[in-house]
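Please keep the model open beside them as you read.

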2 protein chains.
Amino acid sequence: MAAAKRTAQAHGYGGLNFRDLADEVGIKAASIYHHFPSKADLGAAVARRYWEDTAAQLEAMLAETADPVRCLRRYPEVFRKALENDNRMCLCSFMSAEVEDLPGAVKKEVLAFADVNVAWLSKLLVAASLVSSRKSEQRARAIFAAIAGAQLIARSRSDISLYDSTIDNYRAAGLLPV
Amino acid sequence: MAAAKRTAQAHGYGGLNFRDLADEVGIKAASIYHHFPSKADLGAAVARRYWEDTAAQLEAMLAETADPVRCLRRYPEVFRKALENDNRMCLCSFMSAEVEDLPGAVKKEVLAFADVNVAWLSKLLVAASLVSSRKSEQRARAIFAAIAGAQLIARSRSDISLYDSTIDNYRAAGLLPV
DNA sequence: CTTTGTCTACCTGTCACTTGGTAGGTCCGA
DNA sequence: TCGGACCTACCAAGTGACAGGTAGACAAAG
């Protein structure tokens, strides 16, 4: 499962395949069917676990950093970690690109990831009184999209400093709190 | 070639294949080898043509809208067109995600697309006196990344209004000129 | 004006390999 | 002795790639 996550972060849903995955885990390909009846099930499970982990991570950050503005400032860390971790990217960003080829169950989980992030950001933006609650969701989505884009661009050049400087620019421009 | 572009915009480099492409063009798969010696050549040609077209489009916009601020305001139109066109996305954003599986020649063209966009934005930002020339490239890259992200997120839900509202938020926040 | 050679665009046929998926069996712990 | 975890052995479909052949255009040679 962790292996599938790593693969999906580097090669997307299309890059997932039972043989390689089995090799990596030290098991035979057919045995995976014992745990996941189909590739779609595997993909959905991986994506679901991914957003659940992210949700937990965000909640932990919230518990750790009570001040909403400081917490918001730390949000880009979440996406930075993927880059640090062998230049991987957000599994759900990758799968978002592949939407048209995704089984319904997988797509559902991918969209859930975005929802989790937007909801969290939205809540904090309101708590920090940075935007009115009427506009918080759209602003949250803009932040989420911008950060996903920064990650994508930085990864394409395997250069984390590109991510950092882009985030800095978002702050300087006022998209993220300084 | 146009067919390959459409496919790559919807399914990425991995989604390109000679059989389907041949069918769409009304030719036999093997015949494509007459024009492109390998899949990598095909991919590179498509990506190259893509950034060349985009470069031309940007130059045309510049010729049409002399005022740099107004021209910058129109930049998001370029990425909006892909969404309008059957919910496709930027070929090079998609391929950026696939970077690790891309032949070198293809990757080169994909990165060239980003360079073209960043250079254009950078030039206009300086012309509009919005940022110092020392910081223009990083700001340009931030704008490019943010817009690519907005396109990705909007496409995953097949909802152009999501793209528009995200761009509006970039403007409201000050990332893009109002 | 006709033959000859060459070029481009395309074809048929096939290979080696990968993919998702299935059928049916073994092994081991509760 | 039951069921979960795993196995071997397959299959059909699809993949990129190649060899070798054909039809038409066109120009120089006779």
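1. Ground rules. This is a predicted model, in which local features need pLDDT of at least 70 and side-chain atom pairs count only at pLDDT 80 or more, while totals for chains, interfaces and linings use all residues. Residues are numbered from 1 along each chain as its sequence is written, and chains are lettered from A and ligands numbered from 1 in the order in which they are written.

2. Helices here are DSSP runs of H or I with at least four residues, strands are runs of E with at least two, and both are numbered from the N terminus. A residue is called buried if 20 or more other C-beta atoms lie within 10 Å of its own, exposed if 12 or fewer, and partly exposed in between, with C-beta atoms placed from the backbone.

3. Two positive phi values. Most residues other than glycine have a negative phi. Just after α5(B), B:Asp86 takes a positive phi of about 65°. B:Asp86 sits in the loop between α5 and α6 (91-97) of chain B, and it counts as exposed because it has 10 C-beta neighbours inside 10 Å. In chain A, A:Ser129 also has a positive phi, near 55°. A:Ser129 belongs to the loop between α7 and α8 of chain A and is exposed, with 10 C-beta neighbours inside 10 Å.

4. Helix α9 of chain A. The 14 residues of α9(A) should span 20 Å at 1.5 Å a residue, and the end C-alpha atoms are 20 Å apart, which agrees. Buried in this helix are A:Leu162, A:Tyr163, A:Thr166, A:Ile167, A:Asn169 and A:Tyr170. Seen down the axis of α9(A), these buried residues fall within an arc of 155°, so they line one face of the helix; the arc is that of the directions from the helix axis to the C-beta atoms. Their cover includes α5 (68-84) and α8 of chain A together with α8 (136-156) of chain B. A:Gly174 follows the helix, with a positive phi near 100°.

5. A residue of α9(A) to look at. A:Asp168 lies in helix α9 of chain A. A:Asp168 is partly exposed, with 17 other C-beta atoms within 10 Å. Its C-alpha is separated by 11 Å from that of A:Ala150, 18 residues apart along the chain.

6. The chain A and chain B interface. How many residues of chain A are in contact with chain B? There are 39, and they touch 39 residues of chain B, where contact means that two C-beta atoms, placed from the backbone, lie within 7 Å. On the side of chain A, α8(A) gives the most, with 14 residues. By class, that side has 20 nonpolar, 13 polar and 6 charged residues. Ala, Val, Leu, Ile, Met, Phe, Trp, Tyr, Cys and Pro count as nonpolar, Asp, Glu, Lys and Arg as charged, and the others, Gly among them, as polar.

7. The core. The largest nonpolar core has 106 residues, and those with the most contacts inside it are A:Ala47 and B:Ala47. Such a core is a set of buried Ala, Val, Leu, Ile, Met, Phe, Trp, Tyr and Cys residues joined through C-beta atoms within 7 Å. Not counting residues up to four places away in sequence, B:Ala47 touches B:Leu91, B:Cys92, B:Met95, B:Val106, B:Glu109, B:Val110 and B:Phe113.

8. The DNA strands. DNA strand C is surrounded by 14 residues, the closest being A:Asn17, A:Ala30, A:Lys39, B:Lys28 and B:Ala30. A residue is near a strand if its C-beta atom, placed from the backbone, lies within 6 Å of it. DNA strand D is surrounded by 14 residues, with A:Lys28, A:Ala30, B:Asn17, B:Ala30 and B:Lys39 the closest. The surface near DNA strand D divides into 7 nonpolar, 4 polar and 3 charged residues.

Key
Expected span 1.5 Å × (residues − 1).
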